[in-house]
Amino acid sequence: MKRNGGTIQGKWLFIFVVSFAFGFSSLHAQNKKFPLPPEWSKKAVWYQIFVERFYNGDTTNDPKPKNMYVALAGDAPKGWTITPWTQNWYASDSWAKGNGKSFADNLQSRRYGGDLQGVIDKLDYLADLGITAIYLNPINDAPSLHKYDARHYHHVDVNFGPDPVGDNKIMESENPNDPTTWKWTSADKLFLKLIDEVHKRHMRIIMDYSWNHTGTEFWAFKDIIKNKEKSAYKDWYTVYSYDNPNTPENEFKYAGWYGEYLPEIRKVDVTSKKDLYHPYEGNINEGAKQHILAVTKRWLAPNGDTTKGIDGYRLDVADFVPIGFWRDYRTFVKNIKPDAYIVGEIQWWMDKVMPPAYFVNGEVFDAAMFYHIYRPARSFFSLASQSIDARQLVDSIQFQWKNVEVPFRYSMMNVSSTHDTPRMLTSFFNHGKFKYMAKPYEDSTYKTGKPDTETYSRLKLYLIHQFTNVGAPNVWNGEEMGMWGANDPDCRKPLWWKEYNFQPETRNNIQAGPAVYDPVGFNQEWFDFYRKLIHLRNDNPVLATGKIDFITAEGKMLAYKRYNKDACVYVLFNLDASAQTFIIPKNEYINLLDSTKITGETIKLAPLSAAILSQVKGNY
């Protein structure tokens, strides 16, 4: 390998080899019947959809205050209405002015009207992009915009379907704890149509649920409020005290997840202490568990037909639920649909993270949301204050891979941005920690506008890495449009569809300084780049299932190869300030990024550039 002005001893200074042999020793007792992730999950390119902000395909079902009562913390503000899709995100809504709440608090009361018809309308867009699997944020019936505060687990939110009023009446006619009384609302039926349309396009689709908690409007919790100690569901939650009607105070106290907004399902048979870095043994209340299993089956096999059902589940705050429940859950799901995909969210947002090994195995989940490898990659590809070099990046990646048994690494959901993080352009534009003080409401100096040119260049390099690395890449909706945005809630802006004309974005009402007006809208060049990378991965299976060897990791130079018996692809990065030369085995190559042909043993890369070299012939 040669660098400008000098020679590094040896043609291959060092080789980091990650051995992806298919045998493995179990870290846990494997589920012998369903020991491995579904084969299709290795080749997935995920697209995560936050329905309320995705696309408004049906304006007749737009949210009304009645279905949002709790989320609005009481009666809706006078004059409340949904916010225009194309309004400047940082503009105050007319109904929010003078209500005494901060701008950030008022954002939680906004609705834009995204719905399931909007998802159906844009499926061809996703197919053209190259997406093969869709991950929906919660769509269960709930008053909030995020839907993690379920009113009903077993129904789709009334405002995501065509008849909210009729759907509420249908739900009122059921016994929610008796699956034999459950009916299909118009929203449910539209979701079943969405599943069918997804499958027609040879895509997969999974749903997002939190089995750790419900909302305060959940039917069983409301029964406890009404009937107190006499409620049939009093043991579904941990209730510390009930309200005494003879006193002016409300003494009703219960265990909630980060406060009383989200009442926690009761944990039972707990035999080990819960902390943020280890799972804990136990289960959940049996009545709640049976309800959850019934809901799970409802969507996997509607009316008993697995061909009409979803392809798996993403499970929220999974490490807060006892691991005994998850063992039972895996067996239950896989007995219904053996190739269903189960992916859990485990603690990832602190400096020290939860090791995936506890959950990602043949006993619990098929995969975890793998933020764990994005964080060091951001520190390498961006100008983060905690910058690392290529050797440190490789060490970090290999350390995380050691926490995942080999067959599961390919099926990990490699997330970089989601509904819980800053968008990647904004994350790269700012140089602090990944999620720490990562929004203007916490740090007045946090940059929330259009990023500079270097940010785009560096993020392009990271994206090349994401789509050529081991694991299934995930695209947070709107990233491919060139959207930017700070941490939640600013990462949840309505999507910048090309048919819309948006108001310029200015933040002068929340950040000091001269007003800056950033043009907002669909970035065709950025979309085309995403589309190219996604199709490269889909068209070259070695990038999804091939082994990986790290070849070069020196300073800001990184190179690795993906290979199997049929193909070999070299991926090279130069993040140095000067041009660098890489030595590769003598052969014929095609650079998949620009279709140029390369013959020889060297390739020179300009600063902040990359190459994806597909070997034309020879031994792989």
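Tutor: Two strands pair if DSSP finds at least two bridges between them. Keep in mind that this is a predicted model.

Student: Fine. In what order do the eight strands of the open sheet run?

Tutor: The order is S15-S14-S13-S8-S5-S4-S17-S16, with parallel pairing.

Student: Which strands stand at the edges?

Tutor: Strand S15 (367-368) and strand S16 (413-414). Each has a single partner strand, so one side of each lacks a neighbour in the sheet.

Student: How many bridges join S14 to S15?

Tutor: Two, and S14, residues 341-344, runs parallel to S15. In one of the residue pairs, glycine 344 has alanine 368 in S15 as its bridge partner.

Student: Switching to arginine 298. Where is that?

Tutor: In helix H7, which covers residues 286-300.

Student: Buried or exposed?

Tutor: Arginine 298 is buried, because its relative accessibility is 9% and the cut-off for buried is under 20%.

Student: What does arginine 298 touch?

Tutor: Leaving out residues up to four places away in sequence, arginine 298 touches His154, His155, Trp182, Lys183, Trp184 and Asp188. For lysine 183, the backbone oxygen lies 2.8 Å from a polar atom of the arginine 298 side chain.

Conventions
Residues numbered from 1 in each chain as written. Predicted model: local features only at pLDDT ≥ 70, side-chain atom pairs only at ≥ 80, totals over all residues. Heavy atoms only, no water. Helix = DSSP H or I, 4+ residues; strand = E, 2+ residues; numbered from the N terminus. Buried < 20%, exposed > 50% of the residue type's maximum accessible area, 1.4 Å probe, protein only. Polar contact = N/O pair within 3.5 Å; in protein donor to acceptor, adjacent residues only side chain to side chain. Contact = heavy atoms within 4.5 Å.
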